[in-house]
Amino acid sequence: MTLCEYKPGLEGIPATQSSISFVDGKQGILEYRGINIEALAKQSTFLETSYLLIWGSLPTRQELADFEYEIRYHRRLKYRIRDMMKCFPESGHPMDALQACAAALGLFYSRRALDDPAYIRAAVVRLLAKIPTMVAAFQLMRKGNDPVQPRDDLDYSANFLYMLNEREPDPLAAQIFDICLTLHAEHTINASTFSAMVTASTLTDPYAVIASAVGTLAGPLHGGANEEVIEMLEEIGSVENVESYLDRCLENKSKIMGFGHRVYKVKDPRATILQDLAEQLFDKFGGDYYYDIAVALEKAVADRLGHKGIYPNVDFYSGLVYRKMGIPTDLFTPVFAIARVSGWLAHWKEQLGENRIFRPTQIYTGSHDAPYIDIEKRHSAADAEILAGMIH
Ligand code: ACO
């Protein structure tokens with residue numbers, strides 16, 4: 001490959017050097033700081049994993065206790081942020097609300113001291129602490145209710161589910177939710193992380209960094225796919241319809257949501273863990289009709305598209321887990337953002353360590369020396385087409 005070869009989507013082109021996470025897409029391996037995701041999902045909490053991602057090693061018991069304490073202390077939102085949220089339209093997407101709120105933090109914490117470790121730590125703590133509160137607050141406010149204040153006696157995930165549903169969650173649900181956050185915390189240079197790094201490289205404030213990443217995660221080809229998976233399962237409607245649905249997708253060349261990945265060419269290891277978590281939830285709280293459709297679809301896609309490396313990605317089973325917890329479909333992506341904040345922050349910190357502003361190049365495909373046409377003499381594109389037709 002020459003340096004100037006253009007690769008749409010920058011596929012395969014290294015955009016940075018990083019020691020935060022590693023993916024082997026052929027073998028289905030994901031590691032955070034060298035530790036495999038299965039071990040972390042089983043043995044670490046989300047905050048412990050976040051500490052690992054951001055500071056590079058697992059915390060001691062004391063370091064973890066201090067980190068958790070600071071996060072508990074910063075969970076509340078300023079009343080002006082809550083007031084701002086009250087003005088948001090109820091019909092607005094929660095990802096847009098989250099992006100606006102994350103950016104607004106920059107107004108309240110405007111000191112920017114990127115070379116001060118205390119500033120970095122405070123920004124990390126504030127973002128990890130407040131993002132879940134923002135998501136839960138918007139959910140209650142759009143229903144016309146006052147937001148619920150965080151509870152200091154509850155752990156990170158239990159507190160989020162409590163603020164969202166206005167009641168203390170079942171311990172198994174809280175534990176499974178926490179594992180979901182760990183699974184979504186980081187995933188190398190995906191679109192939203194790249195967006196965070198580009199923003200970070202300008203040395204702007206960390207709230208702008210996270211806001212830009214939230215905006216990028218919102219798209220249906222990225223974090224937004226988990227919402228669309230549920231809509232797709234609804235549309236399929238029954239196991240009997242799976243094959244005909246797949247036929248239609250293949251005929252129309254439309255993408256099957258929750259399948260395929262730029263890096264994984266086997267089943268995403270996170271999808272395997274999430275499927276197991278979904279089954280644990282169904283065992284305790286009753287099954288989900290859509291799960292059978294999902295399993296049938298996974299099999300049918302493997303038979304028909306397995307040769308292309310199209311298998312379930314992280315979004316395929318996560319929606320079914322969240323649905324069982326009573327989380328509304330349009331909060332699936334904000335929940336993804338709650339988790340991914342830790343990965344974005346890790347990349348922000350790493351970017352600051354050896355920063356150079358991102359400034360890629362382009363291959364120009366336009367014209368040169370074009371004449372400047374006076375405004376009175378210009379034709380619209382439609383007129384130009386008609387004129388061209390008349391000349392023919
Ligand atoms: N359904 C059917 N075919 C697919 C799918 C799919 N979900 N994904 C890829 N393919 C096919 C393409 O049609 C293409 O086939 P072709 O070579 O015959 O033309 C081939 O596989 C390569 O696909 P690309 O779109 O070029 O792969 P890319 O790496 O650009 O896209 C992406 C990856 C965006 C994730 C894609 O697989 C997709 O759109 N999936 C559905 C959306 C989704 O689930 N997104 C969540 C991803 S995980 C995350 O972001 C957290």
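**Notebook: around the ligand**

I began at Phe-259, where a backbone N or O atom lies 2.8 Å from a nitrogen atom of the ligand; I count a polar contact when two N or O atoms are within 3.5 Å. I keep in mind that this is a predicted model, where local features need pLDDT of at least 70, side-chain atom pairs count only at pLDDT 80 or more, and totals for chains, interfaces and linings use all residues. Residues are numbered from 1 along each chain as its sequence is written, and side-chain values use heavy atoms, leaving out hydrogens and water.

A polar side-chain atom of Lys-255 sits 2.8 Å from an oxygen atom of the ligand. For Gly-258, a polar backbone atom is 2.9 Å from a ligand oxygen atom.

Then I checked how covered the ligand is. Alone, the ligand exposes 920 Å², and the protein buries 68% of that (Shrake-Rupley method, 1.4 Å probe).

Which residues come nearest to the ligand? I found Lys-255, Ile-256, Phe-259, Arg-262 and Lys-308, out of 18 residues around the ligand (near means a heavy atom within 4 Å). The shell has nine nonpolar, five polar and four charged residues, with Gly counted as polar and Asp, Glu, Lys and Arg as charged. At least three shell residues come from each of domain 1 (17-224 + 326-353) and domain 2 (226-322); such bounds come from an automatic or database domain assignment.

Conventions
Polar contact = N/O pair within 3.5 Å; in protein donor to acceptor, adjacent residues only side chain to side chain.
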